Amino acid sequence: MNKAVSAERSENPDFPPPEVSFWQAFLFWLKLGFISFGGPAGQISIMHQELVENRCWISERRFLHALNYCMVLPGPEAQQLATYIGWLMHRTWGGIFAGGLFVLPSLFILVALSWVYIAFGEMPLVAGLFYGIKPAVTAIVVQAAHRIGSRALKNNALWAIAAASFVAIFALDVPFPAIVVAAALVGYFGGRVAPALFKAGGGHGKSDKSFGRALIDDDTPTPAHAIFSWPHLLKVLVAGALLWLIPMAALTAAYGWEHTLTQMGWFFTKAALLTFGGAYAVLPYVYQGAVEGYGWLSPLQMIDGLALGETTPGPLIMVVAFVGFVGAYLKAVFGPDSLFLAGAVAASLVTWFTFLPSFIFILTGGPLIETTHNDLKFTAPLTAITAAVVGVILNLAIFFGYHVLWPKGFGGSFDWISALIALAAAIALFRFQRNVIHVIAACAVLGLLIKTVL
């Protein structure tokens with residue numbers, strides 16, 4: 001916003017903001033891709049400050065209206081919100097660039113970091129850094145379970161669902177998709193029998209705050225491209241299906257269904273449809289498949305990948321790029337002379353299959369939401385799924401803690417130094433509310449110092 005317009009708006013908040021060109025928006029979405037640290041809460045906060053408060057591209061109510069829809073969908077809500085606003089402002093290509101630029105910087109960064117990790121991870125410097133990072137990640141996952149649980153578990157029924165999901169995955173090794181389906185059924189029928197127990201707690205409601213007239217204001221008519229029509233819906237669904245089917249068919253034809261790259265495409269497609277509750281919810285599913293099922297990476301490598309995902313911009317679910325890179329690199333899918341190429345291709349493929357559904361959800365569902373302009377609330381099945389996710393994340397924290405504190409199994413020695421680092425990280429997170437990136441950085445330096453001395 002230029003100074004003249006800004007001065008006019010400061011004197012008269014009803015002064016209409018200037019039109020935003022496609023390339024102005026493009027530069028903002030590119031910038032956002034490099035500064036979107038802090039997980040979904042931090043990323044949504046950045047978008048709110050920039051788009052609602054500073055630039056007045058969209059009003060508070062329209063922003064929250066879009067966010068409530070994205071919260072209901074599987075997938076990374078912050079990336080979907082960027083896609084939604086980009087689509088609302090500049091049609092389909094606006095949404096594609098907004099959502100794509102939210103992801104691409106972190107993909108390139110993670111490919112580079114994954115290569116450094118896997119190629120030089122045994123070097124004392126890198127090994128020392130990750131020695132301190134692993135226990136910090138354990139504390140971060142515990143904090144995630146607490147944060148989601150404090151918001152989601154509002155009554156004994158939801159506590160019972162969380163406990164049952166923990167027992168199912170910890171003691172009975174029930175697959176994560178089965179837990180999601182069971183929780184959804186419990187929520188569906190429970191919502192009919194006792195709806196009061198399955199009312200969603202927390203979330204994002206409406207607000208009466210105003211930061212001046214916005215380009216897309218409360219009373220701005222829905223643009224023509226955002227009005228629902230069956231031909232548009234069919235076109236997007238067909239295009240989305242082809243964008244999934246063509247690369248999947250090409251992988252199957254070139255390498256076969258059982259090949260690592262083909263299985264990665266199929267596995268992460270399923271993962272994309274199960275990410276209710278954020279990235280931490282799908283991590284146990286990725287662990288079950290990538291570590292236990294396919295053996296693409298080890299448990300400790302999974303912890304390291306989560307640490308890298310926490311310290312790079314973009315959605316936390318971008319940890320899938322690390323999984324893809326390490327899995328293809330270690331399995332040398334293109335031969336021993338093309339290890340980096342194998343990792344980079346796999347990271348790109350899994351990113352494609354993970355995020356493609358998010359774009360389809362926005363481009364198909366957005367017109368329905370913009371046409372109705374009704375408030376969206378979590379359904380009873382989603383409330384139950386969110387409760388189940390708490391138990392699943394707790395299991396993930398125990399899994400990480402076991403591999404960090406007993407690196408050689410219960411038969412080996414207890415790593416009390418890692419335990420102290422994890423405790424310090426937990427105190428920093430819970431007691432002093434420190435930023436996740438700061439905690440990881442401090443623990444990495446501490447781990448390096450300890451490994452240097454010892």
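This dialogue goes through a few features of the structure above.

User: What kind of model is this, and how are its residues numbered?

Analyst: This is a predicted model, in which local features need pLDDT of at least 70, side-chain atom pairs count only at pLDDT 80 or more, and totals for chains, interfaces and linings use all residues. Residues are numbered from 1 along each chain as its sequence is written, and side-chain values use heavy atoms, with hydrogens and water left out.

User: How many cavities of 30 Å³ or more are there?

Analyst: A cavity is a set of points, on a 1 Å grid over the protein atoms alone, where a 1.4 Å probe fits but cannot get out. Points are joined across faces, edges and corners, and the volume is the space filled by probe spheres set on them. The count here is two cavities of 30 Å³ or more. The second largest cavity holds about 30 Å³ of space.

User: Which residues line the second largest cavity?

Analyst: A lining residue has an atom within 4 Å of a point. For the second largest cavity these are Phe-22, Ala-25, Phe-26, Trp-29, His-90, Gly-94 and Phe-97.

User: Which helices supply the lining of the second largest cavity?

Analyst: Helices are DSSP runs (H or I, at least four residues), numbered from the N terminus. α2 (22–35) and α5 (77–120) each supply at least two residues of this lining, and the largest share, four residues, comes from α2.

User: What is the make-up of that lining by class?

Analyst: Ala, Val, Leu, Ile, Met, Phe, Trp, Tyr, Cys and Pro count as nonpolar, Asp, Glu, Lys and Arg as charged, and the others, Gly among them, as polar. The lining of the second largest cavity has five nonpolar, two polar and no charged residues.

User: How many aromatic pairs does the structure hold?

Analyst: Rings of Phe, Tyr and Trp (its six-membered ring) pair if their centres lie within 6.5 Å; planes under 30 degrees apart count as stacked, over 60 as edge-to-face and the rest as tilted. The structure holds 31 aromatic pairs. In one of them, the ring centres of Trp-23 and Phe-26 are 5.2 Å apart and the planes stand at 65°, so this pair is edge-to-face. Both residues lie in helix α2, three residues apart, about one turn of the helix. Trp-23 and Phe-26 also belong to one aromatic cluster with Phe-22, Trp-93 and Phe-97.

User: Are Trp-23 and Phe-26 buried or exposed?

Analyst: Buried means under 20% relative accessible area, exposed over 50%, and partly exposed in between (1.4 Å probe, protein chains only). Trp-23 has 56%, so Trp-23 is exposed. Phe-26 has 18%, so Phe-26 is buried.

Another edge-to-face pair joins Tyr-117 and Phe-130, with 4.9 Å centre to centre and 65° between the planes. That pair links distant parts of the chain, with Tyr-117 in helix α5 and Phe-130 in helix α6 (residues 124–152), 13 residues apart. Tyr-117 is buried at 11%, as is Phe-130 at 9%.

User: Which charged residue lies over the face of Tyr-131?

Analyst: A charge sits over a ring if NZ of Lys or CZ of Arg is within 6 Å of the ring centre and within 35 degrees of the ring normal. Lys-451 lies over the face of Tyr-131, 4.5 Å from the ring centre. Arg-431 lies over the face of Phe-432, at 5.3 Å.

User: Where is Cys-56, and what is its phi?

Analyst: Cys-56 is in the loop between α3 (39–54) and α4 (60–72). Its phi is near 55°, a positive value in a residue other than glycine. Cys-56 counts as buried, at 3% relative accessibility.

Technical notes:
On a 1 Å grid over the protein atoms alone, a cavity is a set of points where a 1.4 Å probe fits but cannot get out, and a pocket is an open set with protein on both sides within 12 Å along at least five of seven lines; lining residues have an atom within 4 Å of a point.
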